[in-house]
Amino acid sequence: MSAIWAEGLTKHFDEVRAVDGIDLDIAPGTIFGFLGQNGSGKTTTIRMLTTLLRPTAGRARVDGLDILADARAVRRQIGVALQEAGLDDVQTGRELLTLQARLFGLGGSAGRQRVQELFGIVDLEDAADRAIGTYSGGMKRRLDLAAALVHRPGILFLDEPTTGLDPVSREGIWRYVTRLSAEDGITVFLTTQYLEEADRLAHDLAIIDEGRIIASGSPAEMKARIGTDVVTVQIEAPDALGRAAEVAAAVEAVERVQIADGAAVVYVPDGARAVARIVLALDEAGIEVGDVAISRPSLDDVFLEATGHHLQVEEPQPAEGGAA
Amino acid sequence: MQSIATVYFLTVRSLREAVRNPAQEAGNVLIPLFFFAVTVGSIGSIAADAFGIDNFTGFQVPVAILAAASSISASAGLGTITDIQRGYFDKLLLTPAPRSAIVFGRIAADGVRTVAITAFIVGVGLIFGTGFDTGVPGLLVLLVGSFGFGMAYSGFNAAIALRTGSPQAAAAGGLLLFPLIFLSTAFAPKDVFADWLEVLATINPITYVLEAQRSLIIEGWNGFDILWGAAATLGFGAASFTLTFLALRWRTS
């Protein structure tokens, strides 16, 4: 049985097709990365799968339970940490986790024990009895993660869990997520706009753009599908980009060329051998070349190939106390 | 059972929030007491001759109680909006707790806060010689009624908060009660009103809530007034809770 399954899942807000008929089939115990830039439909998808939003059309099951017919049962099986750490600044960390445990039916000494255990897991023992308003951004994310785990869910939804965090805090969250999957067998549905995060954490991945899944597979499979090296040639004159693409495409062994961010992105089986020919051809055509780079295909290349543009990461304004 | 437990847990959470924000609670009680003092001070001395009311201070105590309930409910509406904006409301909705019970936790807390402020205002009134004609049993009835009215009125602000998510709208929601208070028998009995105002006061549920509370404080036991006050409170609650459920359904659809 799939941990998460969806068919034709759709959400429209008036005329806007936020999610436009996506299919999902996520195996239990895996980390599934849902990669896309802001506004691509990631959060809307997660809000439907976690029963916060009713789909306009389509069906979905989480842990075998229908998200509409069995919504409350679904909520018993899942833990969710949304993009904004949903916390109450007036309560202490312990009060918040204790309340969360009670709402999941975990009261008394069992609840207290679980809360203490979670503070240990997310390294917040020393801050447990402080008002949440005094926590840093990284501490709030960790507390939010602890709140999502309070009832030992089998499936964990994380909506951009590291957006806006500094590298140290980000590393900490990655460590927790990896441990949860490897040691506890929790299925993790993780949305992200960071290629590195998706590449490092996800066993399987889907790229969503304008509400539609446009590529899916494991990160290695997706990169292998490109199958070539990537030669990125910066073109000095923007109006010469089209001509540069034509010239590069005519070079021997070049499979295809895309234009992105002022560069010609050339896909070729042996980049090291081809780079000289490409630069020479451009030079002979009178096109001034800037930096040149050869790389193995990355998820950015996968994203570029699928969407025709690079993934644009939008960082939030740094919040006060954003460090861990 | 789970609904009752959820309401209890979230009522405790809201009350804890109130205790940790004493400045707000002080505002909820001081502003109604200020208007109470000004009203009694300005027309109290002529009330006996003009309206035939000997105990005008006692006559005004229920007005202060309803104004405090309005203020409490507005601050709770803002609290709900803060929860929505911070994402904490979503976190609560993501638990298996019944969603209506999640909203009712804060509404019930408003009822408790209204009871506490009612007791305080009655105490202030006693210091200024209002007396309490129905004694301790009457006070208990008044507190139960205040609990009901506090919840009923809070429902309107919960509905506004859930539907709009706007702090400005929630603040304005707290003011909705004031036109109803002015169009009731808040400051004088109906028989001195112009005909049009008498009609409006007669169909205004606030009139019956005030009359019920007054009967307990300055008239003695009057089953008719108490029943009408209870019916008005129930009607108020039915309307506000219906709007709350509709707003909750809208927010989660």
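Q: What makes S3(A) and strand S9 (residues 204-209) of chain A count as paired strands?
A: Four bridges join S3(A) to S9(A), and the two strands run parallel. In S9(A), Leu205(A) is the bridge partner of Gly33(A). This is a predicted model, in which local features need pLDDT of at least 70, side-chain atom pairs count only at pLDDT 80 or more, and totals for chains, interfaces and linings use all residues. Residues are numbered from 1 along each chain as its sequence is written, chains are lettered from A and ligands numbered from 1 in the order in which they are written, and side-chain values use heavy atoms, with hydrogens and water left out.

Q: How do you know that S3(A) also pairs with strand S8 (residues 187-192) of chain A?
A: Five bridges join S3(A) to S8(A), again in parallel, and because the rule asks for at least two, these strands pair as well. Leu35(A) stands opposite Thr192(A) in S8(A).

Q: Why is strand S3 (residues 31-35) of chain A called mostly covered?
A: Five of its five residues are buried, which means that each has under 20% relative accessible area, computed with a 1.4 Å probe on protein chains only. Ile31(A), Gly33(A) and Leu35(A) are buried on one side, and Phe32(A) and Phe34(A) on the other, leaving both faces covered.

Q: Why is the meeting of Arg20(B) and Glu95(A) called a salt bridge?
A: Their side chains meet at 2.6 Å, N to O. A salt bridge needs a side-chain nitrogen of Lys or Arg within 4 Å of a carboxyl oxygen of Asp or Glu, so this pair qualifies. The count between chain A and chain B is six salt bridges. Helices H2 (71-77), H3 (93-103) and H5 (137-149) of chain A each give two or more residues to the side that touches chain B, helices being DSSP runs (H or I) of at least four residues and strands (E) of at least two, numbered from the N terminus. H3(A) gives the largest share, six residues.

Q: What makes about 2500 Å² the buried area between chain A and chain B?
A: Buried area is the accessible area (1.4 Å probe) that two parts lose on being put together, summed over both, so the value of about 2500 Å² includes the loss on both chains. Carbon and sulfur atoms give 55% of the area. In chain A, Leu52(A), Arg75(A) and Leu103(A) lose the most area to chain B, together 25% of what that side buries.

Methods
Buried means under 20% relative accessible area, exposed over 50%, partly exposed in between (1.4 Å probe, protein chains only).
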